[in-house]
Amino acid sequence: LLIIFLFPLFFYKLGQSSLVSFDEAWYGSIAKNILKTGNLFLLYFNGQIYNDHQPFGFWLIALSQKVLGSSEFAVRLPPAFCGMLSLVITYLLGKELFNRWVGFASAIALSSATWFLFRARSGNLDVILTMLFLLTIYLAIKSSKNIKFLIPFSISFSVLFLTKTIVPLTIIPALIVIFWQKFSIYKISRRQLEMTLISLLIFVSLIGSWLVFQFSYQPDFLKHYLN
């Protein structure tokens with residue numbers, strides 16, 4: 001019911017208007033250049049290397065353009081889909097922490113947030129980032145109860161860091177709170193240790209690959225990134 005009734009809020013006439021000349025057209029162009037160059041880690045805009053943001057959001061937009069062609073709808077589809085998915089994850093998160101009705105009410109509340117809905121219908125990175133924050137928190141809570149969710153958590157955590165500037169760092173205090181008791185150094189099991197090491201390897205591999213590309217082509221990348 002949540003998906004059926006709220007679907008039009010995100011997708012109705014999504015591609016009707018032209019792309020806004022800042023974020024939307026800019027990001028659509030960067031994603032289109034990924035298809036032209038075939039380079040997933042090195043982004044280009046106007047013939048110059050673009051490193052203001054990490055590539056994951058642009059990967060989604062590029063995939064949409066690859067399947068649907070270069071259009072307003074294709075640029076806006078990934079954020080709109082992530083907006084819809086954010087409601088589903090909010091429901092699951094509320095259900096996990098409290099009960100189904102808390103989850104359902106929370107998802108309805110999020111759908112009523114005008115700025116969230118506006119950004120979800122825009123070709124930008126904000127709602128993609130929001131969805132990954134929600135997903136990472138949800139999978140962290142599931143991982144703290146069942147070790148089998150640790151690898152999906154590490155993947156979500158990794159792509160969160162590959163989405164937009166250093167904003168993802170703000171999730172770390174929450175993750176410490178979630179995992180503190182479960183993964184105490186004094187009572188961690190061998191299975192937990194193995195899964196933790198695999199998860200760390202996934203994180204380091206994904207983030208490391210991106211960093212290697214940046215430093216290879218831009219020695220002053222870290223200074224620019226932190227600025």
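Tutor: The axes of helix 1 and helix 4 come within 10 Å and cross at roughly 150°. This is a predicted model, in which local features need pLDDT of at least 70 and side-chain atom pairs pLDDT 80 or more, while totals for chains, interfaces and linings use all residues. Residues are numbered from 1 along each chain as its sequence is written, and side-chain values use heavy atoms, with hydrogens and water left out.

Student: Why are helix 1 and helix 4 called roughly antiparallel?

Tutor: Angles run from 0 to 180 degrees between N-to-C directions, with axes fitted as lines to C-alpha atoms, for helices over the stretch in contact. Angles under 35 degrees count as roughly parallel, over 145 as roughly antiparallel, 65 to 115 as roughly perpendicular and the rest as oblique. The crossing is roughly 150°, and helix 1 and helix 4 are therefore roughly antiparallel.

Student: Which residues meet between helix 1 and helix 4?

Tutor: Leu 2, Ile 3, Leu 6, Phe 7, Phe 10 and Phe 11 of helix 1 meet residues of helix 4 including Leu 77, Phe 81 and Met 84; contact means heavy atoms within 4.5 Å. The contact divides into 12 nonpolar, 1 polar and no charged residues. Here Ala, Val, Leu, Ile, Met, Phe, Trp, Tyr, Cys and Pro count as nonpolar, Asp, Glu, Lys and Arg as charged, and the others, Gly among them, as polar.

Student: What makes helix 1 roughly parallel to helix 5?

Tutor: Their axes come within 12 Å and cross at roughly 10°, which makes helix 1 roughly parallel to helix 5. Leu 2, Leu 6 and Leu 9 of helix 1 contact Phe 104, Ala 107, Ile 108 and Ser 111 of helix 5. By class, 6 of these residues are nonpolar, 1 is polar and none is charged.

Student: How do you know that helix 4 and helix 5 are roughly antiparallel?

Tutor: The axes of helix 4 (residues 72-97) and helix 5 (residues 100-111) come within 7 Å and cross at roughly 150°. The two helices are therefore roughly antiparallel. Their contact has 6 nonpolar, 6 polar and 2 charged residues.

Student: Which residues lie nearest the centre of the largest pocket?

Tutor: Leu 150, Phe 153, Thr 196, Ser 199 and Leu 200 lie nearest its centre, among 11 lining residues. On a 1 Å grid over the protein atoms alone, a pocket is an open set of points where a 1.4 Å probe fits, with protein on both sides within 12 Å along at least five of seven lines; lining residues have an atom within 4 Å of a point. The lining comprises 8 nonpolar, 3 polar and no charged residues.

Notes. Helix = DSSP H or I, 4+ residues; strand = E, 2+ residues; numbered from the N terminus.
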